Amino acid sequence: MCGIVGFTGAAPAAPILLEGLRRLEYRGYDSAGVAVQHEGAIEMVKASGTVEHLAEMTSNGAALEGGCGIAHTRWATHGAPTDTNAHPHLSEDGRFAVVHNGIIENYAALRRELEGEGYSFASETDTEVVAHLLERYYDGDLRRAVMRTASRLEGSYVLGVLCACEPGRLFCVKEAGPLILGLGVDENYFASDVTALVGYTRNVIYLEDGEMAELTPESVTVYDRTGREIPKSVSHVVWDIEAAEKGGYEHFMMKEIMEQPRAVKSTIEPRIRSGRVELEGLDLTAEDFARFRRIVITACGSAYHAGMVGKYVIESLCRVPVEVDLASELRYRDPIVGEDTLLIVVSQSGETADTIAALRECKARGAYVLAIVNVVGSTIARLADCALYTHAGPEIAVATTKGYTTQLSALYLFAVWAAEKLGRIDEMRYNELVAELSALPARIQRAIDLNLHVKYLAGRWHAQRAMFFIGRNIDYAAALEGSLKLKEISYIHSEAYAAGELKHGTIALIDEGRLVVALCCQTALFEKMVGNIQEVKARGAKVLGLAPEGDRRIFAEADDVLFAPGGEPLFAAAPEIVPLQLFAYYVARENGCDIDKPRNLAKSVTVE
Ligand code: G6P
């Protein structure tokens with residue numbers, strides 16, 4: 001979703017800003033723009049389309065002179081993705097340029113007010129009111145103008161502000177939505193996330209909501225809402241630039257699928273010491289834990305699907321009721337949550353707007369919050385009572401892969417840890433599960449190695465108009481994610497169903513030649529799945545079966561077969577999703593889709 005970059009220093013700003021935008025492309029966008037200060041004026045270029053298009057229009061930035069500027073990739077919310085609606089937006093007198101991420105909820109009222117005063121608007125965006133407000137409030141003191149402008153805005157916004165008459169000076173404001181300052185030598189930056197900065201600096205400051213920063217080449221100053229200067233600590237980012245590059249793969253998605261054994265190892269290995277699961281930062285005692293009468297897991301998208309798997313695993317091992325709720329639903333349904341609730345928030349980015357809101361809502365009601373999150377220093381990590389980082393490294397492809405499997409791994413670790421704390425499993429079972437956790441990276445690697453023929457199968461099935469995924473128990477939770485992978489990158493309609501539920505309606509959609517992917521990795525339920533496979537075959541469906549390695553019974557049932565390595569069935573979702581990720585990838589590739597940046601999607605959904 002929208003990306004923001006700002007730079008001030010001695011070097012030409014535009015090429016640096018364009019490079020920053022390239023690094024933010026993965027977030028999802030449909031137009032891009034850049035503005036720089038030059039000889040007391042603002043020069044701006046913006047257009048719908050790609051950052052590459054913007055680079056061509058500006059000779060890769062060379063056409064824009066000046067060492068201080070702001071840039072933006074826009075994911076349209078208010079107004080279509082046109083050249084005019086692209087950011088930056090200028091004030092009527094052309095002295096102020098603004099980039100914005102988020103939604104200004106009271107923009108219509110502000111627009112009416114400003115129009116009443118004679119300001120005319122060029123775009124349909126909510127953002128343009130900010131540029132006009134800055135013009136109205138500027139009396140020679142830019143900081144005061146930015147503060148007064150921000151105080152008029154309602155909603156979620158991150159702003160970058162440039163003023164023609166304040167050489168080398170930039171402002172940025174954070175009110176819900178990610179914003180990070182990058183500290184260089186005689187140059188400073190701001191950006192929506194660290195991937196835009198790591199090519200230039202690893203020293204960063206994470207801003208909190210309600211904070212504003214003033215940047216010059218030599219200094220960075222952070223203020224609170226009242227304009228009081230506040231001290232901030234500098235963090236060091238450990239990700240390097242290679243981690244955010246394709247490394248020889250055609251797509252980030254394939255690179256990230258292949259990285260899963262290593263990523264899962266980074267989640268699990270540091271937390272197993274001398275055969276015990278140790279969750280640093282989660283210093284709840286057995287008594288603390290016993291006060292939780294229920295666990296609520298909340299998340300969006302694939303993280304929600306990871307939460308579904310978590311429910312099965314935690315309930316099975318800990319015998320504590322677990323509810324999984326979409327964050328966008330939980331936040332508005334007056335949830336029954338209190339001090340007896342452990343809230344587990346799952347998020348790769350740590351910046352998903354609905355997930356943050358659900359977290360806040362539950363925390364206000366007294367819930368203890370554990371965040372399972374990838375991005376260190378993200379909003380969710382900071383709001384939670386404790387965080388279990390997944391250490392997946394940067395994930396660039398919009399369709400998550402290693403983000404999901406590392407979230408599963410963190411949930412497995414938590415389930416085993418909690419089951420032992422609560423005394424719900426004996427020492428033998430505990431040791432067995434710990435060994436299974438340690439074996440998970442190898443199991444995922446085996447899942448990759450076993451499925452070299454997925455590309456061939458994708459060639460057979462890519463022309464389907466719709467597909468169905470069925471499974472029971474954990475296989476059902478994994479089916480939801482397998483189906484989502486397929487639809488989000490290949491645009492083939494696909495649905496996941498609990499296999500036993502199929503006959504209550506959906507089976508009406510099964511017609512001659514329709515592909516049904518049947519997940520059969522919960523061995524105890526294999527025979528039940530055979531029944532469901534028979535039902536769809538009797539109605540003309542073709543079946544792609546997914547079974548534990550070596551379970552030859554599947555050959556008698558399915559038309560085509562995928563395998564996932566066997567092992568602890570409770571942890572089956574992590575290996576079994578791998579062939580489904582590969583299947584979605586190759587089907588999308590066959591169909592010529594934009595795999596890393598599917599249409600209409602954003603990686604980090606920072607608006608509601
Ligand atoms: C977006 C992404 C999904 C992701 C979801 C939640 O929709 O496209 O891949 O699962 O957001 O993101 P989070 O960063 O909170 O895990």
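Analyst: Rings of Phe, Tyr and Trp (its six-membered ring) are taken as a pair if their centres lie within 6.5 Å. The model is a predicted one.

User: How many aromatic pairs does this rule give?

Analyst: A pair of aromatic rings is described by the distance of the centres and the angle of the planes. With the cut-off on the centres at 6.5 Å, the count of aromatic pairs is eleven.

User: Which class does the pair of Phe 7 and Tyr 189 fall into?

Analyst: The centres of Phe 7 and Tyr 189 are 5.2 Å apart, and the planes make an angle of 55 degrees. Planes under 30 degrees apart would count as stacked and those over 60 as edge-to-face.

User: How many residues apart are Phe 7 and Tyr 189, and are they buried or exposed?

Analyst: Phe 7 belongs to strand E1 (residues 3–9) and Tyr 189 to strand E10 (residues 187–191), so that the pair links distant parts of the chain, 182 residues apart. Buried means under 20% relative accessible area. Phe 7 has 0% relative accessibility and Tyr 189 has 1%; therefore Phe 7 is buried, and Tyr 189 is likewise buried.

User: What is the arrangement of the rings of Tyr 412 and Phe 571?

Analyst: Tyr 412 lies in helix H13 (residues 402–421), and Phe 571 lies in the loop between strand E26 (560–564) and helix H19 (573–590), so the pair ties together parts 159 residues apart in sequence. The ring centres are 4.5 Å apart and the planes of Tyr 412 and Phe 571 meet at 25 degrees, so the arrangement is stacked.

User: Which residue has its charged end over the ring of Tyr 223?

Analyst: The criterion is that NZ of Lys or CZ of Arg be within 6 Å of the ring centre and within 35 degrees of the ring normal. For Tyr 223 the distance from the ring centre is 4.4 Å, and the residue is Arg 143.

User: Which residue caps the N-terminal end of H5?

Analyst: The backbone nitrogen of Arg 143 has a side-chain oxygen 3.1 Å away. That oxygen belongs to the capping residue, Asp 141.

User: Where around the axis of H5 do its buried residues lie?

Analyst: In helix H5 (residues 142–152), the buried residues are Leu 142, Ala 145, Val 146, Thr 149 and Ala 150. They cover an arc of only 130 degrees around the axis, so they lie on the same side of H5.

Definitions and conventions: Residues numbered from 1 in each chain as written. Predicted model: local features only at pLDDT ≥ 70, side-chain atom pairs only at ≥ 80, totals over all residues. Heavy atoms only, no water. Buried < 20%, exposed > 50% of the residue type's maximum accessible area, 1.4 Å probe, protein only. Helix = DSSP H or I, 4+ residues; strand = E, 2+ residues; numbered from the N terminus. Arc of directions from axis to C-beta. Polar contact = N/O pair within 3.5 Å; in protein donor to acceptor, adjacent residues only side chain to side chain.
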